[in-house]
Amino acid sequence: MTSAAHESATTDDAQGTRGKAIVTDHGVRATFGDDPVAGVGAMADDSRAAARALARATRAWKDRALLAIADRIEHRQEVVHAANARDLERGRVSGVSEALLDRLRLDAARVHALAEGLRELAALPDPIGSVVRGRTLANGLRMRQVRVPMGVVGAIYEARPNVTVDIAGIALKSGNAVLLRGGSAAEETNRALVGIIRDALADVKLPVDLVQSIDEYGRDGASALMGARGKVDVLIPRGGHGLIQSVVQNATVPVIETGEGNVHLFLDASAPKDMAAQIAVNAKTQRTSTCNTTETLLLHSGFPHGAAVLAALDHAGVTLHVDERAERLLPAGSRRHLRATEEDWATEYLSLDLAVRVVDSLDEALAHIDRWSTRHTEAIVTNDLASAERFTAEVDAAAVMVNASTRFTDGQQLGLGAEIGISTQKMHARGPMGLEELTTTKWIVQGDGHVRS
């Protein structure tokens, strides 16, 4: 049976529980029936065993796995497209927003990008075993702190089938096993991708349980994953505000918080006209459904080209939510504008909508950002070095851009190969989370019969 089917079957596990099974080229993986706590716990145990086996794999072995996954995804992309089409159609029928449908969509270009991201990961150095610090102590003990895998990583996300591949790839390269809860919106796409990934792992003689999906258990499975403390080492949520906060507030497993992006772009008085317009349009329109898309534009009152920038945005189809002063800069005949309210400053639109406010100083811009930012990405366009340095020093965000689009806050764009998400917390990992962010450290101390007096 080929993974093109990824059929669900009914099977008896060793304890007589009847449940679903995932079928791939390399056989059947039985599940634990209708008990999500027991089922997720058993899968986490399998993940732990698989991670221990992966610890013995060389970099070359792990890289072969990544390349095998990339090749299989491209060779079987018709399977992925067919599954994705069914998810998209179901989403349209159920009234899913265009922003969510865009995140859900895996067209040919995006499938190719997933494969290329895996190949880029394979080309990156392996972080495992790298020495963070080390020295010989005065008493002769030799100590070093080295990077090691987290172990078992859980991920809860929604309508983002690309995350399935990104997380699997980063986890494998960094020596981890993953348990994935991809949500009902992308259920068929994720099932196809997980099957392809597991087949590729079997091809290179690595444990297939390095990558598992708990989607068969639905929301109860997500709750079980959040409560699997001691079995799952870290949990990463990726999605909207409600999903992230639900995980953060309810999980007993340690969580790395990713965040939604109420992202700001500030055009300083000295900003060059063409640069300002190009960055503003790109930051808003290049892909509207992502968390690094600009949602609020702040115009310095001394910036002489505000009208030209707003005209460029209007021409690009952006609906401008403007304050009273920005409204005076709108092009004649502008049809796509609304008067901004307090709610607009707090909104992550994920659409062709943009809040616009005129401010009188850098101080006022910084105050606005501090009040409304989600600490994801903030940007300034300026020709004034002092303004740039002050902006980067004072803005509290995971990423700060100077004279560049906010769309560059992305693991692949920043040379990480791929990313698990953008962490907006301040402990362990912040910003795009790549290979090193899925590692922790271990202290190794070597002596020659040393005892402590």
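Before I list anything as buried, I note the cut-off: a residue is buried when its relative accessible area is under 20%, and exposed when that value is over 50%. I also keep in mind that this is a predicted model.

**Entry 1: helix α6**

I started with α6 and asked which of its residues are buried. I got Pro161, Val163, Thr164, Val165, Asp166, Ile167, Ala168, Gly169, Ile170, Ala171, Leu172 and Lys173. That makes twelve of the 13 residues in α6, so the helix is largely enclosed by the rest of the structure. I jotted down that the list includes Asp166 and Lys173, which count as charged by class.

I then checked the length of α6. Its end C-alpha atoms are 19 Å apart, which agrees with the 18 Å that 13 residues should span at 1.5 Å a residue. After the helix I found Gly175, with a positive phi near 85°.

**Entry 2: helix α3**

Next I looked at α3, residues 77-93. Its 17 residues reach 24 Å from the first C-alpha to the last, close to the expected 24 Å. Which residues of α3 are buried? I noted Val79, Val80, Ala83, Asn84, Asp87, Leu88 and Gly91. These cover an arc of only 165° around the axis, which puts them on the same side of α3.

Gly95 follows α3, and its phi is positive, near 80°.

**Entry 3: the largest pocket**

On to the pockets. I put the largest one at about 790 Å³. It has 31 lining residues, and Asn162, Arg287, Arg407, Asp410 and Gln412 lie nearest its centre. The elements giving two or more residues to this lining are α5 and α6. α5 gives the most, with five residues. I sorted the lining by class and got nine nonpolar, twelve polar and ten charged residues.

**Entry 4: the second largest pocket**

This one has a volume of about 330 Å³. Of its 14 lining residues, I found Ile156, Glu158, Arg181, Arg219 and Leu243 closest to the centre. Two or more residues each come from β6 (152-157), α8 (218-226) and α9 (241-250). The largest share, four residues, is from α8. By class I have seven nonpolar, four polar and three charged residues here.

Lys205 has a positive phi of about 65° although it is not a glycine. I located Lys205 in the loop between α7 and β8 (211-213). Is Lys205 buried or exposed? At 66% relative accessibility, Lys205 counts as exposed.

The other is Asn403, with phi near 55°. I placed Asn403 in the loop between β16 (399-402) and β17 (422-423). Asn403 has 28% relative accessibility and counts as partly exposed.

Key
Residues numbered from 1 in each chain as written. Predicted model: local features only at pLDDT ≥ 70, side-chain atom pairs only at ≥ 80, totals over all residues. Heavy atoms only, no water. Expected span 1.5 Å × (residues − 1). Buried < 20%, exposed > 50% of the residue type's maximum accessible area, 1.4 Å probe, protein only. Arc of directions from axis to C-beta. 1 Å grid on protein atoms, 1.4 Å probe; cavity = no way out; pocket = protein on both sides within 12 Å on 5 of 7 lines; lining within 4 Å. Points joined across faces, edges and corners; volume = space filled by probe spheres on them.
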